[in-house]
Amino acid sequence: MSSRRDFLRCALAGGAAVAGAAASPAVQARGNAEISPDAVGLLFDATLCIGCKACVAACKTANNLPVDINTTPDSPWDVPLDTTARTFNVIKVYKDGKATLKDTEQGGYAFMKSSCLHCVDPSCVSACPVSAMLKDPVTGIVSYDKDACIGCRYCVAACPFGIPKYDYDSPTGAIGKCQLCRHRMKDGHYAACAEVCPTGATLYGKVSDLKVEAQRRLALKPGETTVYPRGNLTTGDQPSWEGAVPAYVQHVYGEKEVGGTQMMKLAAVPFDKLGHKPLPERSFSSRSETLQHTLYGGLALPVVALGVMTFLAKRNMPKDDDSTGQHSDKREGGQ
Amino acid sequence: MSAHVHAAPAPVGGRLLNAVSFVCAVLILSAFAILALRFWGGLGAVTNLNDGYPWGIWVVGDVVIGSAFACGGFSVAMLVYIFNKGEYHPLVRPALLASLFGYSLAGAGVIFDLGRYWNFWHILWPGYASPNSVMFEVAACISLYILVMWLEFSPTFFEKFGWTNAQRKVGRAMFFLIGLGTVLPMMHQSSLGSMLIVFGTQLHPLWQTMALPAIYLISAITLGYAVVLFESCVAAAGYRRSIEMHLLTPLSKVMLGMLGVYLALRFGDLIVRGAIATAFEPTLQAFMFWLESIAFVLPLRILGSPAKRANPANLFTGGAVLMIAGILLRVNSYLVGYQTGDGWSYFPSIPEMMVTFGMFAIEVLAYIVITRRFPVLPREDHAPAGQAA
Ligand code: SF4
Ligand code: SF4
Ligand code: SF4
């Protein structure tokens with residue numbers, strides 16, 4: 001009787017210890033990762049996007065991507081409905097009712113760019129077990145290395161924006177995702193999508209500059225005229241133009257979401273209508289890693305547990321027990 | 001525990017070729033045929049996986065559920081050696097055997113699901129391995145645990161082949177193997193829950209909680225006992241042996257104790273987080289949550305009184321219902337509660353299910369072959385012929 005109570009007490013204590021460790025505000029809690037001062041990224045202003053898809057085509061060319069016929073079986077066009085392993089960038093459209101007025105929530109329409117947001121504290125990097133997803137400590141670009149990847153697709157499952165995609169049609173499928181054209185940077189180029197954007201709706205630059213620009217636009221009065229830079233905001237490589245200020249939603253999407261992203265977005269239609277659900281400010285990777293480090297940091301907990309378990313097993317095990325069998329002296333021969 | 005004297009394990013004997021092994025063989029062959037297609041044409045050729053549901057039944061069924069079912073060995077060994085309940089000793093070998101195959105196959109099964117399987121070793125290779133990843137932790141622990149289990153089980157083979165020297169050597173290290181064999185599954189079973197934390201708001205609040213590691217761990221231990229009940233009843237029926245009621249009845253009580261701890265934790269967490277309110281919304285997730293909860297509570301009724309626990313049919317049903325509960329918790333948290341939005345959906349394809357059945361068939365077949373030819377189950381005094389191995 002008493003031993004059963006002992007067992008339950010032990011079990012309860014063990015459960016409580018694990019639960020406690022899991023729930024306690026972590027000994028080695030880690031907050032959101034900090035952004036690098038030299039981080040680069042994109043600012044996408046949905047009100048400037050005219051849906052020409054020059055960026056979609058440029059992305060394909062810049063990344064050497066094959067056609068991707070995934071619309072519907074009977075309309076054989078290379079017009080993917082979403083990003084895929086062969087399409088890293090698409091322009092999606094929001095529409096309501098007759099869809100007559102641009103950047104209007106009711107009865108209107110609006111464009112939205114879908115590509116990797118280069119999170120400051122990315123879930124994909126935290127999830128990847130083989131460091132195939134890596135965040136550059138200086139530029140903050142989230143890169144993918146297909147030679148390291150094991151194709152487990154944890155990154156696909158983890159990304160809160162549904163960005164990394166896997167090629168299910170290939171026997172040696174790999175992940176496809178925007179890497180901010182990092183391969184074009186050594187010869188002075190930057191993100192192809194921003195380079196070709198005729199209106200500056202997709203703007204490249206240092207994140208710190210892009211943030212200032214985003215705040216500047218939100219502070220303007222609708223109807224006023226203002227200057228819109230194009231191409232690379234930080235170097236000012238392309239001529240800017242003048243245009244009217246739209247009625248922005250007062251929110252820079254990506255400034256705070258999941259600890260911030262290096263691609264920020266402005267729009268005149270609420271972001272949840274544009275496929276961007278509200279997200280908390282605490283990054284999911286910081287929650288996950290805090291939990292892991294609490295349980296396994298320095299392997300202290302497992303080593304202590306192993307010590308206790310080994311001690312108990314040694315104490316409770318009779319000398320002649322080979323664990324799975326019987327006391328050898330009790331065996332009636334035969335073998 | 002030396003106070004307990006049990007019949008030594010002995011091979012059950014009997015024919016290996018029968019209807020069950022034939023069905024298993026057919027299932028295994030079809031699974032291999034489908035896998036050939038998968039390696040030829042890619043994952044899309046046989047599965048319904050997509051970018052909204054990149055993980056399907058091969059991960060959730062074969063690994064997440066399969067390894068939890070394989071916790072019998074760990075749960076019973078813990079009872080016997082850690083909590084010094086020597087009377088359960090005869091259950092150790094059969095439970096360990098089932099665990100061994102459950103885990104080894106989960107480990108092998110991962111390979112078919114990996115898109116770039118030839119790189120699989122990266123996960124344990126310095127320079128590639130990423131200790132921040134929960135999956136790294138799961139992979140490292142499971143690989144090590146499979147090794148530990150084969151060592152823990154090796155005396156069975158040594159005994160059969162009469163390699164007393166090897167048997168003695170492993171026997172001397174056994175206490176350490178048992179220690180490892182307890183800590184490693186605790187680590188990775190809890191991590192199978194932690195894997196979901198990084199999914200953030202993509203996972204429904206009924207399942208997304210920092211208590212996931214504890215929920216997964218405690219339910220896995222409880223499931224371990226449920227599987228032992230289930231499997232002992234099936235083995236007894238299949239081999240026409242007597243059911244070890246004197247062991248299973250008290251074991252079922254231990255299981256209920258763990259189940260109580262589990263339910264307190266699960267519902268306590270939901271209430272503390274305020275997530276319980278979402279269980280009353282008219283959603284598929286809420287419905288599945290209640291189904292899961294009912295399956296967890298039912299065994300308390302089925303096995304609630306000493307009289308009920310003394311009935312083998314109840315032990316079998318209680319174990320089976322709890323196994324369903326464990327499946328539901330895992331399917332719900334990995335698939336039903338996982339919402340990527342954008343109209344993605346997933347239901348396993350027939351070929352996908354056939355592979356999972358094939359894996360299960362390998363386990364059953366291996367169990368039959370090994371228990372018939374190797375000393376696993378306790379010797380029955382008036383057992384039928386075929387003892388001589
Ligand atoms: S958007 Fe997704 S893929 Fe891109 S960095 Fe963030 S988590 Fe990774
Ligand atoms: S699929 Fe590749 S990149 Fe993504 S998490 Fe797995 S190993 Fe990393
Ligand atoms: S940065 Fe480059 S890869 Fe990314 S969306 Fe733009 S063009 Fe495509």
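Reader: How do you know how much area is buried between chain B and chain A?

Author: Buried area is the accessible area, found with a 1.4 Å probe, that two parts lose on being put together, summed over both, and for chain B and chain A the value is about 7,400 Å², of which carbon and sulfur atoms give 62%. B:Arg116, B:Val198 and B:Met210 supply 10% of the area that chain B buries against chain A, more than any other three residues. Counted by contact, which means heavy atoms within 4.5 Å, 94 residues of chain B meet 81 residues of chain A. This is a predicted model, in which local features need pLDDT of at least 70 and side-chain atom pairs count only at pLDDT 80 or more, while totals for chains, interfaces and linings use all residues. Residues are numbered from 1 along each chain as its sequence is written, chains are lettered from A and ligands numbered from 1 in the order in which they are written, and side-chain values use heavy atoms, with hydrogens and water left out.

Reader: Why are α4(B) and α5(B) called roughly antiparallel?

Author: Helices are DSSP runs (H or I, at least four residues; strands are E, at least two), numbered from the N terminus, and axes are lines fitted to C-alpha atoms, for helices over the stretch in contact, with angles running from 0 to 180 degrees between N-to-C directions. The axes of α4 (residues 72–82) and α5 (residues 89–113) of chain B come within 7 Å and cross at roughly 155°. Angles under 35 degrees count as roughly parallel, over 145 as roughly antiparallel, 65 to 115 as roughly perpendicular and the rest as oblique, and α4(B) and α5(B) are therefore roughly antiparallel to each other.

Reader: What makes α9(B) and α12(B) roughly parallel instead?

Author: The axes of α9 (residues 245–273) and α12 (residues 312–336) of chain B cross at roughly 30° and come within 11 Å, and by the cut-off already given the two are therefore roughly parallel. Their crossing is left-handed, a word used if the near helix is turned anticlockwise from the far one by less than a right angle, whereas clockwise makes a crossing right-handed.

Reader: How do you know which residues surround ligand 1?

Author: A residue is near a molecule or strand if one of its heavy atoms lies within 4 Å of it, and 14 residues surround ligand 1, the closest being A:Cys116, A:Leu117, A:Cys119, A:Cys124 and A:Cys159. The shell around ligand 1 divides into 11 nonpolar, 2 polar and 1 charged, where Ala, Val, Leu, Ile, Met, Phe, Trp, Tyr, Cys and Pro count as nonpolar, Asp, Glu, Lys and Arg as charged, and the others, Gly among them, as polar.

Reader: What are the classes of the residues around ligand 2?

Author: The shell around ligand 2 holds 12 nonpolar, 1 polar and 1 charged, and among its closest residues is A:Arg153. A:Arg153 is found in the loop between β6 (142–144) and α4 (154–158) of chain A, and its phi is near 65°, a positive value in a residue other than glycine.
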